Amino acid sequence: MSNTAVNEPTDLIIVGAGIVGLAHAYHAQRRGLSVRVIERDSRPNGASIRNFGHCCITAQHGDLLQTAYRSREGWRQAAADIGFWAPESGAFVVARSEAEMAVVQQLNAERGGDAVKLLSAAELAGKLGGAPDPQIAGGAHLPADLRVDPRTTAGQIAAWLEQRDNVRIEWNTSVRNLGGGIVATSRGEFRADKVIVCVGHDMDYLYPELAERYQVQRSALQMALAPAPSTFTTDAAVLTGTSMTRYDAFTAMPGAAAVREEIYRNSPELIDMVANVMFTRRPDGTLLLGDSHVYGNTVDPFLDEWWTDRLVGEISKVLGAPLQITQRWQGVYASSALTSLLVEEPDEQTRVVTVTSGIGMTMSFGIAAESIDTICPENASAIAAG
Ligand SMILES: Cc1cc2nc3c(=O)[nH]c(=O)nc-3n(C[C@H](O)[C@H](O)[C@H](O)COP(=O)(O)OP(=O)(O)OC[C@H]3O[C@@H](n4cnc5c(N)ncnc54)[C@H](O)[C@@H]3O)c2cc1C
């Protein structure tokens, strides 16, 4: 039990115990702040446990790239402190046409061979194991990318935080409204000097006007799980051609439009379902497979079996091995056409932080470090250096 007492005001309240809220709590407790996390569920159960566990550092672009590298350091530090699985295995990008290979080469030319290491078809096939797709033209390894296990990591971070003297987590407690350092919940009122709201795609319930201003919608994804073929043993994430139509570093390349046109010509259904065909291996040897995207303020909960078949079939083709699905699920994250990261301060005490694109795992520890810098500037540089 922490020393942060039940009704005592704290330095900081964080609403939401997904990865964004927990990363804020992690950085805040390191700075010595007293922290109360308020979460409506009994454990993390949102986007942060339903994803690929891919910290996709290299594929970020512009201002977000620097924050992504800061996030990488935060992830490494948290993994060392807490002891969760976080291999620095990087990611592989599989190119299966000349157009896809051109984009990989363009990114290599921009970032250099240390960040984007080009691989021949034979080298990449060796990394994937088995008898992968003969259409593979080559690809790249992105060594800065990290992996975590999405199903266990947030829970491990929460359990570790609860052991700190200066952190308390209020589970099963729903925030109804807040402002000016006062947070009204289903279990009464809490107070703090600062409140950071990290409720992901449900930010529209607390801040409908903000959600409208930023055109925040829900993005619903179809995912599946299957045992990995015995020949596929890498912890690295695997991205494919459709990934080049999704991540900003690829879409900024001059050849990106040609990749999109080629996929539309050959497999229009992948563009129609807004696919990002990718997969990651969990430490228990299962594969996380996905994904498709549907957007709306309210999204249908129903999974389209044909879409799952198509996505899994595509991954099976890349690996050259059949995949036996054992689970399917829907994941939802916040999305905005205007920005990938929404940070707003509705009043002096309140900060709303929502990742409005599918990169919240990647960015969480970097965004959180920047947030805590702003509320705790006096020791920011000392901590960054340490
Ligand atoms: C299928 C899928 C695959 C993805 N793959 C990746 C990936 O590989 N890499 C990557 O970087 N990103 C990925 N993402 C995106 C990433 O998962 C999200 O951006 C990130 O998890 C968002 O974290 P969060 O903490 O904001 O949201 P959540 O994890 O959804 O947490 C929000 C929390 O707030 C709580 N909450 C909400 N309202 C209230 C309230 N009123 N009171 C109290 N608590 C409240 C919720 O219960 C929840 O626990 C993926 C997302 C999905 C769905």
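The model is predicted: local features need pLDDT of at least 70, side-chain atom pairs count only at pLDDT 80 or more, and totals for chains, interfaces and linings use all residues. Residues are numbered from 1 along each chain as its sequence is written, and side-chain values use heavy atoms, with hydrogens and water left out.

The shell around the ligand holds 34 residues. Glu39, Ser48, His54, Val175 and Thr362 come nearest. By class, the shell has 15 nonpolar, 15 polar and 4 charged residues. Here Ala, Val, Leu, Ile, Met, Phe, Trp, Tyr, Cys and Pro count as nonpolar, Asp, Glu, Lys and Arg as charged, and the others, Gly among them, as polar.

Polar contacts are pairs of N or O atoms within 3.5 Å. A polar side-chain atom of Thr362 lies 2.6 Å from a ligand oxygen atom. Backbone atoms also take part. A polar backbone atom of Ile19 is 3.2 Å from an oxygen atom of the ligand. For a backbone N or O atom of Ile359, the distance to a ligand oxygen atom is 3.4 Å. Alone, the ligand exposes 1,000 Å², of which the protein buries 96%; accessible areas come from the Shrake-Rupley method with a 1.4 Å probe. Two or more shell residues come from each of α1, α2 (47-50), β12 (216-227), β17 (327-336) and α13 (360-375). Helices (H or I, at least four residues) and strands (E, at least two) are DSSP runs, numbered from the N terminus.

Helix α1 (residues 19-30) also packs on helix α3 (residues 63-82), at an angle of about 75° and with the axes 12 Å apart. Axes are lines fitted to C-alpha atoms over the stretch in contact, and angles run from 0 to 180 degrees between N-to-C directions. The two helices, α1 and α3, are therefore roughly perpendicular (65 to 115 degrees). Ile19, Tyr26, His27 and Arg30 of α1 meet Gly74, Trp75, Gln77, Ala78, Asp81 and Ile82 of α3, where contact means heavy atoms within 4.5 Å. This contact has 5 nonpolar, 3 polar and 2 charged residues.

Two backbone features lie in loops. Most residues other than glycine have a negative phi, and most peptide bonds are trans. The Gly290 to Asp291 peptide bond is cis, with omega near -15°. Asp291 sits in the loop between β15 (286-290) and β16 (294-296). Asn172 has a positive phi, near 55°, and belongs to the loop between β8 (167-170) and β9 (175-179).

Terms used. Angles under 35 degrees count as roughly parallel, over 145 as roughly antiparallel, 65 to 115 as roughly perpendicular and the rest as oblique. A residue is near a molecule or strand if one of its heavy atoms lies within 4 Å of it. A polar contact is a pair of N or O atoms within 3.5 Å; within protein, one must be able to donate a hydrogen and the other to accept it, and residues adjacent in sequence count only if both atoms are side-chain atoms.
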